[in-house]
Structure formats: C-alpha cells, structure tokens
Amino acid sequence: MSTVLPLEDVDLASETHTSGPWQAVVWNDPVNLMSYVTYVFRTYFGYSRERAENLMLAVHHDGHAIVAEGAREQMELHVQAMHDYGLWATVREGAA
Amino acid sequence: MTSLVLDLSLIEAAHLTDLVQQFLSLLQDTVDEDAADDPAVARLVPDAYRDDADAADEFRRLTQADLLDRRRDDAALVATTLRRDGEELTPESIDAQDAASTFEIRLGPAEAAAWLRTLTAIRLVLATRLGITDDADDVAHPRFGVYNWLGYRLDGLVEALDSAP
C-alpha cells in the first residue's frame, strides 16, 4: 500500500537530502527456531512460504535480513511486532 | 486458524505450569525502568536501533511497558489453559502412576498465539541464564534439557498451526 503526494507538496530541495526508505531488519540469534521464524514471517507479514523461508535462511546464514522497507513509523511498528514475537529486530535507514 | 489440540503428559503440563509461574514472577519483579538490568528480561525488549542510542531510548520509552505487559498477559493465559478442573497443576501433586497420562489442551487462535510467544519468551530467558549465545553452542548436555524440551514443544505447536486448515 502506498499513497502518492500531490506534486506541489513534494519538497524537492529536501528530497535530495533524504536517504532511501527505512528498513526493518531481523538479526540471527541462537535461540529462535527456524520453523518459528518462518511462521512469524508468514503470519505477520503475510509472506508466501517460499519468501518467508528464504528470509529465515538469510537471517540464519547471513546473520540478518531486511524483512520490510518503507516509512520509518511503519518499520518501527514492524520491529515492535517482531519484538513481541521474541525476534531480535532493529530499524535502520536504507542506503541513499 | 482453527483451534487445535495439544497432547502433553500430565507431568509435562505440571512442569510447564511451574515454568510459566516462574516466568510471571520474574516479570513481576521487574520494574519497567529496571528491565535492562537483567539481561534475560532485556532480551525480551531489545534495542530497536543499533547505532542511535537516543532513538533506541525513545523507542523503548514508547514500547517497553506494552511489550512486558503482553508477556504477562500471554503467560497468564497459558497458565489458565494448563489448569485441570480449574486447579493449578504442580509436579508434587501428581502421582507417579498418573505422570505419563495424557493431558489434552484445546487452544483457540488467541490461546495458541499466547503459547507460541510464551514458550519463545521462556526459551529466551533460559538461553540467557544458560549462557547460550552462539549458533555453535552445543546444547546436548542434560543441563539444557528443559530448554530443549520447550523447543521440541514449540516446534510441534508451529507444525500443528502450519498444517491446520
């Protein structure tokens, strides 16, 4: 879901200083089960089984994975939800 | 998600009740401001920003109390589902000949969600207490028995939810 701002509301000058979207990142931990992490990604984000498993494997093998991107407030809600499930998650600003 | 049936042995249900009560006591002893003082509780409310302490503090201020309240509510709900005829089970109250008998628990969607989060949270607390910090840590030793048993039950619950119609 997204909304489009009327053109006159877009501040082009500040836009050039804004980095890319914010990210919700889930980090690997030695406790949470692979099956559980996949289940959380499927049920909370509504991701397909394949996408959820790929994200889980990225967390497991690469140490972390970006599970969502978008507005900062939205990413904070996702991270709060991940904490609620016991996953270790953080918010960060995406690359410019 | 429909409701599902979980079969534990009676003695498992009693020990799980005990663990859930200990978890509730731990949360009870935690004043929200002090959550970070106990690493096991701190793991339940981790920093949301890695490189921005101010943002992490602000996020914590806005979310920590809610998250810990939810852990209490979830654990209390799990404890309720573990009652037998309204009575709380204790390992001491179970006769040896009844220990292995089946204790059937029916979970609706909200209860199943509370179970998932509570088993996970208790495993996180145990992992901190047991010093499990790395994927390579060997948890085969018997002192990890309770931790592994919770993992086995959690995995079974996830599987049951996954295959529920």
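B:Glu111 sits in helix α4 of chain B, which spans residues 109-130; helices here are DSSP runs of H or I of at least four residues, numbered from the N terminus. The model is a predicted one, in which local features need pLDDT of at least 70, side-chain atom pairs count only at pLDDT 80 or more, and totals for chains, interfaces and linings use all residues. Residues are numbered from 1 along each chain as its sequence is written, while chains are lettered from A and ligands numbered from 1 in the order in which they are written.

With 19 other C-beta atoms within 10 Å, B:Glu111 is partly exposed, a class lying between buried (20 or more such atoms, C-beta positions being placed from the backbone) and exposed (12 or fewer). Beyond its neighbours within four places in sequence, B:Glu111 is in contact with B:Leu77 and B:Thr81, a contact being a pair of residues whose backbone-placed C-beta atoms lie within 7 Å. B:Leu77 is 34 residues away along the chain, yet its C-alpha atom is separated from that of B:Glu111 by 6.8 Å.

Turning to the interface, the contact between the chains takes 18 residues from chain A and 28 residues from chain B. On the chain B side, α3 (53-81), α4 and α5 (145-163) each supply at least two residues, and α5(B) gives the largest share, seven residues. This side of chain B divides into 13 nonpolar, eleven charged and four polar residues, where Ala, Val, Leu, Ile, Met, Phe, Trp, Tyr, Cys and Pro count as nonpolar, Asp, Glu, Lys and Arg as charged, and the others, Gly among them, as polar.

As for confidence, chain A averages a pLDDT of 85, and 78% of its residues score at least 70; pLDDT is the predictor's confidence in each residue, from 0 to 100. Over residues 1-18 of chain A, pLDDT stays under 50, and the model has two contacts beyond four places in sequence for this stretch.
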